[in-house]
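Here's a quick tour of some ring-shaped side chains and their surroundings. Have the viewer open and follow along.

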Amino acid sequence: RVPQVLSSVDEVVELYRELSRHPGLKAACLGPDVTTQYGGKYCSLYTEWSQRDLARAENVKFCRQYLIFHDGASVVYSGPAGTCSEIKDELLSRESPSGALKAVLRKVPSKEKEEKQFLEVWDQNSKVKSIDLTALDKHGTVYDDDHFGCLAWSHSETHLLYVAEKKRPKAESFFQSKAPELSASNEDVGRPEKADVPLKVGSPHPRGRGGQRGGCGADRFVLQGEQFVYHEDWGEALSKRSMPVLCVMDVEASSVSVLEGVPEHLCPGQAFWSPDDTGVVFVGWWPEPFRLGLQHCTNRRSALFYVDLTSGSCEQISENNMAVWSPRLSPDRCRIVYLENNAFGPHQQCSRLRMYDWYTKQTSTVLEAVPRQTWGEYRPGGSGGGHRRMLSTTALITGAFPGIYCGALPGLCWAADSRRLVLDTAQRSQQDMFVVDTVTGATTSLTADAPQGSWSVLTIDRDILVARFSTPSSPHTLVRCCPLPSAHQPLSGPTPTLLPVQKVAVLPGAGLEAQVQWVCLQDAPPVPGISWGIRTLRPPPEQEHPQYGGLDFDAILLRPSEGPAAQKRPLVVMPHGGPHSVFTAGWMLYPAALCRVGFAVLLVNYRGSLGFGQDSVASLPGNVGTQDVRDVQLCVERVLQEESLDVGRVALVGGSHGGFLACHLLGQFPDTYHACVVRNPVVNIASMVAATDIPDWCLTETGLPYVPGTLPDPAQWTEMLHKSPMRYIDQVRAPVLLMLGEDDRRVPPQQGLEYYRALKARGVPTRLLLYPGNNHALAGVEAEADGFMNMVMWLVKPLRC
């Protein structure tokens with residue numbers, strides 16, 4: 001008898017509704033300590049969460065508050081305070097350094113087509129400022145993204161710094177009718193007699209060409225014949241970001257100024273105030289010769305700069321011809337740490353941690369890129385729900401530092417001693433937290449003895465450390481560590497077992513970090529019916545890389561834990577995108593939901609994935625379509641041999657480069673796979689290079705040099721096509737479902753359409769879903785839900801479920 005998975009539409013809908021209801025933890029903020037009349041201390045913990053609302057077809061944000069009572073040495077009590085409440089229309093928010101004020105950037109619907117933006121300031125009792133930024137008309141839309149955006153208080157708490165789109169002069173036709181100019185007083189035109197005084201910075205921007213001025217004031221400056229000029233943007237997910245400018249709001253005067261000391265050849269972002277509030281430190285990206293996509297690309301040429309508000313001078317304070325991001329100022333305001341990659345090459349790679357001393361003006365390297373981790377006898381990582389099954393002859397020492405692979409450092413990452421910092425990074429197929437000593441470069445794992453899973457630092461303040469934890473069977477939960485006894489006192493009682501619960505911690509003193517303990521804030525039971533484990537595999541000798549031999553890779557296998565033990569489940573194989581990305585053992589909606597439907601799910605971290613050392617990253621460019629494909633196929637064959645899975649019911653699901661691999665596997669191994677679902681797949685690198693926001697990716701991953709001004713020659717076009725799934729289109733037999741984002745700038749929908757037409761012409765069962773208003777991620781709530789339902793329904797029939 002063929003075992004069944006859930007195939008009723010109503011059952012699958014209800015299952016998805018249940019699992020999609022689990023919220024994701026996005027941010028945390030600790031309030032200042034308050035001393036009670038009895039001498040005890042407590043602080044508030046503010047957390048922000050995001051949850052899918054299927055009825056409204058949108059993600060809603062809400063907050064939860066917690067109270068943490070402590071006596072300086074231990075946590076006396078911690079728990080939730082009140083119920084959750086939705087956060088409406090907040091784009092950015094930031095507490096002031098003292099915790100007495102909070103700044104909020106808010107969008108407000110208006111009768112006009114575009115939303116208005118307000119910058120608000122709140123104290124403990126009420127809203128004290130509300131500035132209509134749209135009405136001031138000093139700049140365009142304020143940036144709230146993770147790449148450029150910021151909202152930073154000055155240390156004196158008198159000014160706010162943010163990034164917005166530069167205001168462009170009005171453009172009109174050469175043939176625009178003009179009303180006769182009449183003499184009018186300032187009162188008649190409703191304008192103040194004096195313009196706002198800008199902050200003391202450099203000379204104003206030069207006038208644009210091809211325009212003419214009429215009347216008085218820059219807002220009367222009109223450009224003729226330039227209303228259709230193309231303005232480059234920063235690509236996928238940043239299509240409304242073109243020319244950012246730094247802006248300052250004077251809280252007391254309620255005035256806004258645009259800083260003019262930033263050179264025009266730079267695009268500033270990720271800014272904060274210098275230690276003495278006399279200037280601004282920012283990351284500047286070079287937009288020339290043209291802008292390339294920035295989303296998930298930590299290899300774009302950029303540097304750290306300081307603009308002095310008094311003199312208007314701008315100084316570069318990091319090295320040239322590198323890619324830098326995520327600068328963080330130490331609590332004593334003496335040092336800035338930031339992440340650094342080489343410009344160009346793989347979009348994501350093992351990063352260096354650099355530190356700039358504000359007073360000596362010296363830059364040092366705290367951590368270099370790690371070629372490979374330390375290897376030796378394997379020690380299991382705690383008592384979590386996962387397990388690791390070793391399929392190779394060597395194993396990783398738990399806690400060995402793997403290098404830094406992260407999109408950003410935590411917003412607050414420094415310990416109170418201004419010497420250590422805390423970060424999280426992929427460590428093979430987990431995400432772990434480490435303490436870094438910036439003087440010695442020593443690293444200590446904070447999760448070496450904790451359960452396997454995905455750990456992320458949310459914040460650290462006064463050495464109170466707040467973290468997020470999840471596993472493939474447990475959604476996001478909040479964790480906090482508690483104070484330790486002094487170094488001369490023995491630890492009393494066992495270290496609490498870490499289930500998927502909400503906890504927090506106090507970072508122990510230097511040298512004691514590994515003894516960190518965690519205090520539970522709120523229980524969060526795991527999702528039933530899912531078991532999982534991590535496997536490590538080694539390619540056979542004939543598939544070893546000639547330059548980077550000895551590399552291995554991982555896979556995470558999710559299995560339904562309910563039903564007869566002898567039941568052979570169908571298998572869904574999911575390679576990740578990137579290709580320089582990684583699946584970590586954390587909560588992911590699609591794999592968990594597929595597992596609950598009744599499929600086993602195999603998440604493959606082939607060679608080239610992050611978290612395995614820089615050598616692994618470097619091994620893949622030039623070998624896409626072969627090395628990564630063979631790794632996935634090896635993993636599938638090994639799992640089918642060693643697990644109770646149905647070899648006749650294997651399907652592929654993948655997006656982006658994962659879709660690239662799925663289409664390759666369909667053509668190269670047509671007897672293995674019986675159904676396929678791909679989301680925005682790369683199918684023809686040669687045709688993608690001229691349409692994508694990342695043309696450098698097409699050449700770099702093919703193994704070709706990328707130079708912005710050079711066009712590929714015929715041999716290079718041939719090589720790109722040779723490495724593409726379209727090469728194997730004639731061998732595809734399994735039915736294919738394609739899901740495409742209409743607004744995808746990364747892998748334009750023409751890629752999927754090209755594959756769709758080729759399959760249709762060959763009589764292969766094919767269906768295409770095109771989602772308007774969605775980009776590469778297909779992350780819209782409606783598209784995500786519809787995509788899951790169509791995916792399950794597409795897999796059920798060919799897998800005989």
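## A stacked pair

Are Trp-49 and Phe-62 buried or exposed? Both of them are buried. Keep in mind that you're looking at a predicted model.

Let's see the rings in context. The structure holds 14 aromatic pairs. In one of them, Trp-49 and Phe-62 are stacked, with 6.3 Å from centre to centre and 5° between the planes. This pair ties together distant parts of the chain: Trp-49 belongs to strand β3 (residues 41-53) and Phe-62 to strand β4 (residues 58-70), 13 residues apart.

## Charges over rings

Back to Trp-49 for a moment: Arg-64 lies over the face of this ring, 4.3 Å from the ring centre. Over at Tyr-46, the charged end of Lys-102 sits above the ring, at 4.3 Å from its centre.

## A threonine to look up

Finally, pick out Thr-471, which is part of strand β33 (residues 464-471). Why does Thr-471 count as buried? Because its relative accessibility is 4%, and the cut-off for buried is under 20%.

Which residues does Thr-471 touch, leaving aside those up to four places away in sequence? They are Gln-452, Gly-453, Trp-532, Ala-585, Gly-586 and Trp-587.

Notes: Residues numbered from 1 in each chain as written. Predicted model: local features only at pLDDT ≥ 70, side-chain atom pairs only at ≥ 80, totals over all residues. Heavy atoms only, no water. Phe/Tyr/Trp six-rings, centres within 6.5 Å; stacked < 30°, edge-to-face > 60°. Helix = DSSP H or I, 4+ residues; strand = E, 2+ residues; numbered from the N terminus. Buried < 20%, exposed > 50% of the residue type's maximum accessible area, 1.4 Å probe, protein only. Lys NZ or Arg CZ within 6 Å of the ring centre and 35° of its normal. Contact = heavy atoms within 4.5 Å.
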